[in-house]
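Try each one yourself before you read the solution.

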Amino acid sequence: MTKPPKPKPLLQDVDKSVRSRPRKPRNPAQPNLPLDPMPDRIDPCLALLKPKPPKGPQWAFEVKWDGYRLAVDIEPTGIRILTRGGHDWTHRFPAIQQAALWLPVGSAILDGEAVVLDEKGRSDFGLLQQSLGGRGGKKRSSDAIFMAFDLLYFDGHDLRNSELDMRRHLLADLVPTGEQGDIRLSEEIEADGDQLLASACEHGLEGIIAKRRDAPYRSGRLGDWLKIKCIQSDSFVIVGYERSTVARAGIGRLLLAARKGDDLVYVGGVGTGFNERSAAELREQMDKLIIGKATVDTGRKRNAVFVDPKIVAEIEYRAWTHDGKLRHASYKGLRDVQDNAIPYQPRGRPGDRG
């Protein structure tokens, strides 16, 4: 017969008071464990656009979310939700703010994307914009959730010099896999990159992200993160439009430009993708910015109206022409100015917003 386990000393004499081992006085010569100050703001790591997924076990893959890039800062004094450009949008995402308050951590910086999911669980940028009241709107979104994909600071420790695998391990402890709250984990997907991209495209997703497992977190677009899209889509500056007597809101085509250093380069126009609502919103925005002379060389245009290049549009396209213009372009929506316009890199190698 198996003997019962011997009781632990703590439980042997229940009548005696339990006392811990006496604590030794701290040696003043022993240094304190240093804590890293929490950064006020961290510029995000941006994904470099590539036509095909990379190969090798050093790459981790995730779904590409189509929303607003945000940092959620958790401090003892409260929560801050910052946009990619550093704007404080805490008040615009009350559900994400409340969910951050419930996370079991004293201080942290989470990197991720605010998205609104459609009925099939896909992120829909148009739905996110509507929930915030459109471009320039001031509404608070109760529909947006935060897909967390990196952890940059954790309870007094700056994690940016740690490898991605370690940061993800700590993030998964903080935001467990499968949670369905307003802060969720953007899960790593174990799959071949080509197969995952094909599956993402088949299910109507925007694309996938590849990240180097051994890389630290570096701000900017340095190639540690890659994005591979099902359909090419990027942000361009609107520099004007062509009038039309039959098109919605009188907009025949938008005239677009990309950045080349400090300058803008004309990349053609787009005349499809509008509905009544988006066309009216565009016209209202552009009519406030009309100028007398074009800021870029658009060539000879009939019935053209030129505007100050302060509006950024998201445009889908299939390719570039030999002379650096967009092919089969379609309007997708408006971006915030902070998203900026893409670098001018035609002939199938466009830059992107991040």
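**Exercise 1.** Does C230 count as buried, partly exposed or exposed?

*Solution.* Keep in mind that this is a predicted model. Start with the cut-offs: buried means under 20% relative accessible area and exposed means over 50%, with partly exposed in between. C230 comes out at 27% relative accessibility, so it's partly exposed.

**Exercise 2.** Which residue does a disulfide join to C230?

*Solution.* Look for a pair of cysteine sulfur atoms within 2.5 Å. The sulfurs of C201 and C230 are 2.1 Å apart, and a disulfide joins these two residues. The count for the model comes to one disulfide. Now place the two ends: C201 sits in helix α5 (residues 193–202), while C230 is in the loop between β10 (225–229) and β11 (232–243), so the bond ties together parts 29 residues apart in sequence. As for C201, its relative accessibility is 33%, so it's partly exposed.

**Exercise 3.** Is C45 buried or exposed?

*Solution.* C45 has a relative accessible area of 2%. Buried means under 20%, so C45 is buried.

**Exercise 4.** Which residue's backbone oxygen does the side chain of K229 reach?

*Solution.* First find K229: it's in strand β10. Next, its accessibility: at 10%, K229 counts as buried. Finally, follow the side chain of K229, which reaches the backbone oxygen of S233 at 2.2 Å.

Terms used: Residues are numbered from 1 along each chain as its sequence is written. This is a predicted model: local features need pLDDT of at least 70, side-chain atom pairs count only at pLDDT 80 or more; totals for chains, interfaces and linings use all residues. Side-chain values use heavy atoms; hydrogens and water are left out. Helices (H or I, at least four residues) and strands (E, at least two) are DSSP runs, numbered from the N terminus. Buried means under 20% relative accessible area, exposed over 50%, partly exposed in between (1.4 Å probe, protein chains only). A polar contact is a pair of N or O atoms within 3.5 Å; within protein, one must be able to donate a hydrogen and the other to accept it, and residues adjacent in sequence count only if both atoms are side-chain atoms.
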